[in-house]
Amino acid sequence: MAIPIIMPKFSMTQEAATVVQWLVAEGDSVEKGDLLMEVETDKITMDVEAMDAGVLRGLTVKAGDVVPVTEVIGYIVPDGETWEESAEALKAESVARAKATPVAQRMAKANMVDIGSVPSSNGQRITRRDVEAFLQTPVNGNDVAAESDKLRATPAARRIAREREVDLAQISGSGPKGRIQANDVAAFVLPTVQVEAEPAVNVVPFGRMRHTIAERMTQNYQEIPHITFTISADMTATLELRQRINAHAERDGSARISVTAVLAKVCGWALQRHPLVNASWHENGIEMHDTANIGVAVALEDGLIVPVVHDAGRKGLSAIAAQVNELTEKARFGRLQPAEVQGGTFTISNLGMFGIDQFTAIINAPQSAILAVGRTKKEAVVIDDAVEIRPMMTMTLSADHRIIDGAVAARFLHDIVQAIEQPDIMLW
Amino acid sequence: MLKQRETAGAREDSAETRELTYAQAIREALQLAMNRDERVFMLGEDIGVYGGAFGVSDGLIDQFGAERIRDTPISEAAIAGAAIGSAMTGMRPIAEIQFMDFITLSMEQLVLQGAKIRFMFGGKATVPLVLRTPAGSGTGAAAQHSESLEAWFVHVPGLKVVMPSTPYDAKGLLLAAIEDDNPVIFVEHKLLYRTKGHVPEGYYTVPLSQSDIKREGTDLSVIATSIMVPRAIEAAEILAKKGIELEVVDPRTLKPYDATIATQSVRKTGKALVVHEAPKTGGFGAEVVAELVAGDAFDYLDAPVRRLAGLDVPIPYNRELERAAVPQVEDIVREARALVEGVY
């Protein structure tokens, strides 16, 4: 291929040179080192030498022209090659070459890149930066595919996407090179709820309480290994007791006691005898609670809340009843103070008034157990080989099996039943 | 009488808020250990009459005598060898190598002998040795008096490596090292000797293999050793004004290294920068990074884990070049900011 003759640069600051005269003419044969032309700068006059042997072709400048340095001013066509052949091959390259800085050309050559295929960022000259950018662009088709297949995301972003079942491909990254950051995933998750709420579907937005209930129930149900135990108690004695106390309460003007209040007392008493049921699971150990603080689940119009009767084991029935009534009332009107719903160590959920026979409840972490109480109804039971009609109540204890084994739960329930059937045992 | 009572009261108060330099804290630990256990003694070059190259053992020869504060010939191999031998035979030596650079001459004794004896003797012999040595640059002492060679010893099973960053840690860790029945390389930093901090009176230990959070933050965990701890804290104060909160974690013990604290920290911040003075290549920082990405922190990483460490060059004598060869406060600020802001 023809070798370009370039206007040389003789000094650091020189930008152009003036052609004084050609010493050879188009079509002349030259040897390496022959003098081709005389040029002058504002400082000196210099000769330009042939860098190789061949025939001079395509000379573009004439005496008197001012030519920028590094510009191609002609070609030496090597022996055995015609100018026409060379010209075609040179055409594309020469156009680009004329538009590239010398450094860019040198870099392109060193990296075996065709300077003509490097795009110029300023639309005029191809600079070193353009070549660098070009070198960093993947040229291989496979590389391009691999690059687009692989998603850039941080491990934290991937974890959050995994946990929330979000497709990373839908998320645009804000990190370096478009990498998806944890924040991008977190920010993406919320709007999807709204996006998916199509007008045809009746989606009722939930409030803070529903959100909290949903989150806590899911977490508790997933994280705590629940075991459940169901047992029935004969309510005869408890109902009689309640009747007597309420008759007294009426005369006295104090609070009437509910079945729930009796159960709170019974559970408080039994929990003091079974400390493992009154405990909390922690990664490094089991926290044993000093007092039995009984949470009483109260159904609200739009959710539920669990006010707490602190130290129920040591309180009298009347005090417990008064407190349960007060807390229930406050709960229904949303006036509970934070302290009144905190610190519970055990929960009672009573759905007997709704006619439920029996059910199981989800443990309210960090508590280790919850008692689901059904309605009291008359049943035919066998007592001393005779069938009798007794008011029976069925309860189901859900227990955290990390703390409470079957036998522990069974002994606890046995005490509960005993206290319900013979309440005076609690006077011991 | 009244005046005396006042003075006594003031002394009691100062017990609460008393400040010591890092060098004084180490000296106090040495005094406490030697008063407590007659098997404890020191040996090293110029530690007696001269008081140590950095004044750490100043006055100890007057207090404990030349038998227990032993000036040795200029032979680091002999110092290490004598220390190991005496440790095996019932003493609890504290050897001093005047500059960590000279520990090169003790390597055979430390690595080939001291580190392996307990293992090879099936536990019938122990080497309760502490080898104290000042490391680090910043004093204009040039390439042969400025090195940080801790990573070498971290790599040798049988040795423990401790690098305190504060006077409090220096005292507590040195006493823990003296109590330990294994050879402990106790790496002090020349520029830290004059730094001050709260140091309780009396005997206390800081357990080995327990990292410490030196500053709490939310945006980036900087896990730094030795002199880089105060530099990281200084960087953190600068960045705090720009709303970036760095958490500074100090491993304190490099071997055996417990990554729990650093892991917890990175799980919180999602980003980590590991900083030490020793050259980056093959440095302890690589170990810290590896523990993070291989462990429970991985799923919480929200940026590449980066190292900021010394350049892979001998420490230059020229002051400007010496400064440029190891991380400075402004370098930590720059790297931390880049990681937090995602500009890299």
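In this predicted model, Val39(A) finds its bridge partner in strand E5(A), where Met46(A) takes that place. Val39(A) and Met46(A) are bridge partners in a pairing where strand E4 (residues 35–40) of chain A is joined to E5(A) by five bridges, the two strands running antiparallel.

Strand E4(A) also pairs with E2(A), again in the antiparallel sense, over four bridges. Here Gln21(A) has Glu38(A) of E4(A) as its bridge partner. Strand E2 (residues 16–22) of chain A pairs in turn with E7(A), through three bridges and in the antiparallel sense; Thr18(A) stands opposite Val66(A) of E7(A) in this case.

Put together, these strands form an open sheet of four in chain A, with the order E5-E4-E2-E7 and antiparallel pairing. The edges are strand E5 (45–49) and strand E7 (66–68) of chain A, each of which pairs on one side only. On average, neighbouring strands of this sheet are turned by 40° against each other, direction ignored.

Attention now turns to a pair of helices. The axes of helix H2 (residues 102–110) and helix H3 (residues 128–136), both of chain A, come within 8 Å and cross at roughly 25°. Because angles under 35 degrees count as roughly parallel, H2(A) is roughly parallel to H3(A). On the H2(A) side, the contact is made by Val103(A), Ala104(A), Met107(A) and Ala108(A), which meet Arg128(A), Val131(A), Glu132(A) and Leu135(A) of H3(A). The residues of this contact divide into six nonpolar and two charged, with no polar ones.

Terms used
Residues numbered from 1 in each chain as written. Chains lettered and ligands numbered in written order. Predicted model: local features only at pLDDT ≥ 70, side-chain atom pairs only at ≥ 80, totals over all residues. Heavy atoms only, no water. Pairing = 2+ DSSP bridges. Axes fitted to C-alpha atoms, helices over the stretch in contact; angles between N-to-C directions. Parallel < 35°, antiparallel > 145°, perpendicular 65-115°, else oblique. Contact = heavy atoms within 4.5 Å. Nonpolar A, V, L, I, M, F, W, Y, C, P; charged D, E, K, R; others polar.
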